[in-house]
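This briefing covers helix packing, pockets and model confidence for the structure shown below. Please read it alongside the sequence and the coordinates.

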Amino acid sequence: MKATASPQTAATAYLNLPSSEQKGKDIHVHQFQNPPGEGQCHFEAEHTLFMSLAPRPLHYVQSQDGRKFTGLIQRGNFSLAPAGSPFFARWEGNEHCLEVRLTDQFVRKIAQETLKQDCDRMSLIPGFRIRDPQVEAIAMMLLTECQQGTGSRLYIDSLANVLVVQLLRQHATRSPHLPVYEGGIPQRQLLQVLDFVDAHLDQDLKLAELAQLLDMSQFHFSRLFKQSMGLSPFQYLLQQRVERAKQLLKQTDQPIIEIALECGFSSHSHLSKQFRQLTGITPKAYRVG
């Protein structure tokens with residue numbers, strides 16, 4: 001949020017990822033801090049979630065859509081401003097906030113594909129000081145990914161899909177029914193997906209690409225894949241990248257940075273971190289051993 005009393009300070013983290021199917025941006029994650037002041041925003045085509053990260057409760061005055069809120073907002077509480085809804089806030093104390101923006105086009109696409117809902121009859125509800133542990137957890141995972149700077153498209157796509165579904169289920173004008181799919185992915189189709197992942201380990205795979213292989217929504221693909229494999233698509237991708245790195249470390253004398261890039265990691269340190277988490281040792285130690 002742009003502060004009007006004084007300029008915004010310490011814009012510490014940005015995440016702007018292009019859509020898997022569109023030229024625009026589906027999700028924008030921004031962490032910021034401000035001294036005491038006031039600010040306003042108006043995103044015509046984006047739904048905006050403002051979540052407090054301040055260590056202690058702050059007193060706010062907020063207004064949108066003809067409604068007004070005055071009171072304390074604690075860490076993890078969030079306000080929701082639907083697309084086209086002007087939002088104003090005044091705060092006392094040092095503000096630390098996470099802003100998550102989702103394009104209206106993306107939200108409607110998820111509603112149609114995943115929830116089979118009539119989007120013209122559904123909209124998000126403006127809200128103040130909302131407490132939703134699931135939304136808070138997803139938002140913090142997005143922030144962590146943003147801070148680490150690895151920017152995995154598959155991981156961000158998965159989180160964005162889950163976030164939109166949760167917002168539509170709990171904070172929309174209609175409460176949609178989420179279809180239940182059991183039994184996982186049939187073996188023939190599962191092998192098709194696994195072969196595709198194996199052939200594209202060096203690329204920034206998109207969740208939409210994998211779901212399209214089976215003509216399935218991204219949200220349901222993720223659920224069924226985990227039922228079948230015991231891992232999320234992102235976890236499986238990391239596992240296979242590490243396995244490929246292990247092969248190259250033992251069978252070639254390539255520099256580790258080249259192996260990292262060939263296996264789809266963004267850097268030597270990115271490979272080392274994931275390698276250690278899955279094997280307990282560094283790539284260098286594994287090669288020597």
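In this predicted model, helix α4 (residues 187-199) packs against α6 at an angle of about 100 degrees, with the two axes 12 Å apart. Because angles from 65 to 115 degrees count as roughly perpendicular, α4 and α6 are therefore described as roughly perpendicular to each other.

**Contact of α4 with α6**
- On the α4 side the contact is made by Leu190, Val193 and Leu194, and on the α6 side by Phe221, Phe225, Ser228 and Met229.
- Sorted by class, this contact of α4 with α6 comprises six nonpolar residues and one polar residue, with no charged residues.

**Contact of α7 with α9**
- The axes of α7 and α9 lie 10 Å apart, and the two helices pack at an angle of about 100 degrees, which means that α7 is roughly perpendicular to α9.
- From α7, the residues Leu238, Gln239, Val242, Ala245, Lys246 and Leu249 meet Leu271, Gln274, Phe275, Leu278 and Thr279 of α9.
- The contact of α7 with α9 divides by class into seven nonpolar residues, three polar residues and one charged residue.

**The largest pocket**
- At least two lining residues of the largest pocket come from each of α2 (133-148), α3 (153-170), α6 (218-229) and α7 (233-251), and the largest share, eight residues, is supplied by α3.
- By class, the lining of the largest pocket holds ten nonpolar, eight polar and three charged residues.

**The second largest pocket**
- The second largest pocket has a volume of about 360 Å³; among the 23 residues that line it, Ser152, Phe234, Leu238, His270 and Gln274 lie nearest its centre.
- Two or more residues of the lining of the second largest pocket are given by each of α2, α7 and α9 (268-279).
- The lining of the second largest pocket consists of six nonpolar, twelve polar and five charged residues.

**Confidence in the model**
- Averaged over the chain, the pLDDT is 86, and 86% of the residues score at least 70.
- Residues 2-24 have a pLDDT below 50, although this stretch has 70 contacts in the model beyond near neighbours in sequence.
- Where pLDDT is low, the predicted coordinates should not be read in detail.

How values were computed
Residues are numbered from 1 along each chain as its sequence is written. This is a predicted model: local features need pLDDT of at least 70, side-chain atom pairs count only at pLDDT 80 or more; totals for chains, interfaces and linings use all residues. Side-chain values use heavy atoms; hydrogens and water are left out. Helices (H or I, at least four residues) and strands (E, at least two) are DSSP runs, numbered from the N terminus. Ala, Val, Leu, Ile, Met, Phe, Trp, Tyr, Cys and Pro count as nonpolar, Asp, Glu, Lys and Arg as charged, and the others, Gly among them, as polar. On a 1 Å grid over the protein atoms alone, a cavity is a set of points where a 1.4 Å probe fits but cannot get out, and a pocket is an open set with protein on both sides within 12 Å along at least five of seven lines; lining residues have an atom within 4 Å of a point. Grid points are joined across faces, edges and corners, and a volume is the space filled by probe spheres set on the points. pLDDT is the predictor's confidence in each residue, from 0 to 100. Contact means heavy atoms within 4.5 Å. Axes are lines fitted to C-alpha atoms, for helices over the stretch in contact, and angles run from 0 to 180 degrees between N-to-C directions. Angles under 35 degrees count as roughly parallel, over 145 as roughly antiparallel, 65 to 115 as roughly perpendicular and the rest as oblique.
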